[in-house]
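I opened this entry to record what I looked up, step by step. The sequence and coordinates come first.

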Amino acid sequence: MKGNRRRETRIVHVGSHPEKFRGVMNPPVYRASTVVFPTVAALREASKNRFDTVYYGRHGTPTSFALEEAMADLEGGHRSVAVCSGLAAITVALMAFLKSGDHVLLADTVYDPSRRVAQFLDTLGIATSFYDPMIGGAIADLMRPNTKVVFTESPGSLTFEVQDIPAIAKAAHAAGAKVLLDNTWAGGHFFKPFDHGVDISIQAATKYIAGHADVMIGLVTAKNENDWHALKTQSALMGYCASPDDCYLTLRGLKTLDVRMERHQETGLLLANWLAKRSEVATVLHPALPSCPGHDVWKRDFTGSSGLFSIVLNEVAAARVEAMLDGMEIFAMGFSWGGFESLMIPANPTSIRTATKWQSAGPLLRLHAGQEDPEDLIADLEAGFARLGGAA
Ligand SMILES: Cc1ncc(COP(=O)(O)O)c(C=O)c1O
C-alpha cells in the first residue's frame with residue numbers, strides 16, 4: 001500500500017487490490033492449474049517470469065500472491081512464499097540453504113516434527129546437531145566450518161525457553177551461516193524477526209495467522225531478495241503450493257490478527273497468573289512470567305505474548321491428571337493451536353530433548369488461551385483442579 005502507514009493500518013489493507021478486482025475488497029479465490037497464453041511469445045515471456053506472473057497453478061495465483069504480499073509486509077521482510085503447511089515451510093527453508101556435506105544446528109526445543117526432519121537430512125548427507133536453546137552467543141563454539149544454518153524457535157515448543165536471537169545471529173553470521181526462525185508463537189505480531197538478526201522467518205500460519213482452526217498453511221519470509229529466490233526455487237522444485245481457498249482464508253484471518261492476538265495475550269496472562277498461585281502448580285512456563293527461562297530476553301525483544309504456554313504440576317498420579325483433562329468442559333484436547341478455542345493437552349518433553357535434560361517432578365500441561373470468557377475458563381480450570389485433587 002502507498003505511503004508510510006502504521007502497521008495497524010497496513011495489516012487491514014495490504015494484499016487487497018480492489019482496483020484489480022472490480023472493487024472487491026478481498027482478492028478472489030483463483031482456482032487454477034492450466035493457465036493459457038495467446039501467443040508463443042507470451043508463453044515464453046511468462047515462463048521466464050514464472051515466479052512473478054500467473055504461469056501455472058502450482059507457482060502461484062493472484063490469491064497466493066496477495067497473501068504473500070501481506071505476510072512479507074507483516075513480518076517486515078522482502079517477500080514470502082506460501083506452502084501447504086507449517087512443516088512444509090520448515091522443510092523448504094532448510095532445504096533451500098543446505099546441501100550434502102553441510103551441517104545444521106537445531107535448538108533442542110524445536111517443534112518435534114522439525115526435529116524429525118533431521119532424520120531425513122541425515123539420509124541426504126547433511127549433519128545435524130541439537131543445541132541448548134539458552135546458549136546465546138556461546139553457539140559460536142558449536143559452529144563448524146560447514147555449518148550453513150542455525151535453526152531457532154523462540155519460545156521453544158512445550159517448554160517455552162526464549163532464545164537470545166540477536167546473540168545467536170551475531171555468532172552465526174560471523175561464521176557464514178543463515179539464521180532461520182520458527183516465529184509461529186509470536187504470530188507475526190509480537191516479534192520482529194528481521195530487526196533481531198533473522199534471515200528467514202517461518203510461520204505455521206495454520207495457527208494464529210489463519211486463526212480459525214480450519215486451515216493448514218505455511219508461510220516463509222526472507223529478509224532479502226537472494227534468499228527469497230532460493231526459497232521460491234526450492235518450493236517449486238519440491239512441488240509445494242498452498243491451496244487457493246486456504247490462501248483466501250488465511251488472508252482473511254490476517255485482517256483481524258491484531259485484535260485476536262491482543263485477546264489471546266490478555267486471557268493468556270490472566271490464566272498464567274491465576275495458575276501461578278495454585279498450590280497444584282509447580283511452575284508456569286509463560287515467557288511473560290519471570291519463572292520462564294529467557295524471560296529477560298522476552299522483555300527485551302518481544303512486544304507481548306500470545307496465548308500458548310505450559311504449566312508443570314506438582315507430582316501427581318497419572319489417573320488424577322486424566323480425570324482432570326477428561327472432564328474439562330471448555331478446554332478441549334487437540335494438537336494444533338492458535339484458533340479461537342481454548343485447548344489443554346498433556347505432554348512429556350523427556351524423549352524429545354537430547355542437548356538438554358527435561359526434569360520435572362510432575363507432568364506438563366500445555367494450554368492455549370482462546371477467545372472465550374476468561375472467567376468461564378477459570379471456572380473450568382477450577383473444577384479440573386478439584387478432579388485432580390480427587391474431589392470428583
Ligand atoms: C511451533 C510450530 N511450528 C510448526 C508447526 C507445524 O505447522 P503445521 O501443523 O501447519 O504443519 C507447528 C504445529 O503445531 C508448531 O507448533
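My notes run from the whole chain to single residues.

**Whole chain**

I am working with a predicted model. I counted secondary structure to begin with: the chain has 12 helices and 11 strands. Next I checked the overall dimensions. The C-alpha trace spans about 75 × 50 × 35 Å along its principal axes. I then looked at burial, and 48% of the 392 residues are buried. For contacts with a separation of 6 or more, I found that 72% join residues 24 or more positions apart.

In what order do the strands of the open seven-stranded sheet run? I read 1-7-6-5-4-2-3, with mixed pairing. Strand 1 (79–83) and strand 3 are at the edges; each has a single partner strand, so one side of each lacks a neighbour in the sheet. Neighbouring strands are turned by 20 degrees against each other on average, direction ignored.

Strand 2 and strand 3 (residues 127–131) run parallel and share five bridges. Ala107 stands opposite Tyr131 in strand 3. Strand 2 also joins strand 4, again parallel, through four bridges. There, Leu106 has Phe151 of strand 4 as its bridge partner. Strand 4 (residues 147–153) then pairs with strand 5 in the parallel sense over five bridges. Glu153 has Asp182 in strand 5 as its bridge partner.

I checked how covered these strands are. Strand 2 (residues 103–107) has four of its five residues buried, so the rest of the structure largely encloses it. In strand 5 (residues 178–182), five of five residues are buried. Which way do the residues of strand 5 point? Lys178, Leu180 and Asp182 point one way, Val179 and Leu181 the other, and all are buried. I noted the background for that pattern: in a regular strand, side chains alternate between the two faces of the sheet.

I went on to the loop between strand 4 and helix 6 (165–174), where Pro155 sits. I looked at backbone geometry here. As a reference, most residues other than glycine have a negative phi, and most peptide bonds are trans. Ser154 and Pro155 are joined by a cis peptide bond, with omega about -5 degrees.

Leu158 lies in this loop between strand 4 and helix 6. Leu158 is not a glycine, yet its phi is positive, about 70 degrees. Is Leu158 buried or exposed? Leu158 counts as buried because it has 22 C-beta neighbours inside 10 Å, and the cut-off is 20 or more. Phe160 is also in the loop between strand 4 and helix 6. Phe160 has a positive phi too, about 65 degrees, and is not a glycine. With 26 C-beta neighbours inside 10 Å, Phe160 counts as buried.

I turned to the open sheet of four strands, with order 8-9-11-10 and antiparallel pairing. Strand 8 (281–285) and strand 10 (343–347) are the edge strands, each pairing on one side only. The twist averages 25 degrees from one strand to the next. Strand 9 (residues 308–313) pairs with strand 11 (residues 364–368) in the antiparallel sense over five bridges. Phe309 stands opposite Leu367 in strand 11.

What lies across this part of the model? I found helix 9 (residues 257–276) across strand 8, strand 9 and strand 11, running at about 155 degrees to strand 8.

**Trp228**

I picked out Trp228, which is placed in helix 7 (residues 225–238). Trp228 is buried, with 23 other C-beta atoms within 10 Å. Which residues does Trp228 contact, leaving aside neighbours within four places in sequence? I listed His78, Arg79 and Ala222.

Terms used. Residues numbered from 1 in each chain as written. Predicted model: local features only at pLDDT ≥ 70, side-chain atom pairs only at ≥ 80, totals over all residues. Helix = DSSP H or I, 4+ residues; strand = E, 2+ residues; numbered from the N terminus. Buried ≥ 20, exposed ≤ 12 C-beta atoms within 10 Å, placed from the backbone. Contact = placed C-beta atoms within 7 Å. Pairing = 2+ DSSP bridges. Axes fitted to C-alpha atoms, helices over the stretch in contact; angles between N-to-C directions.
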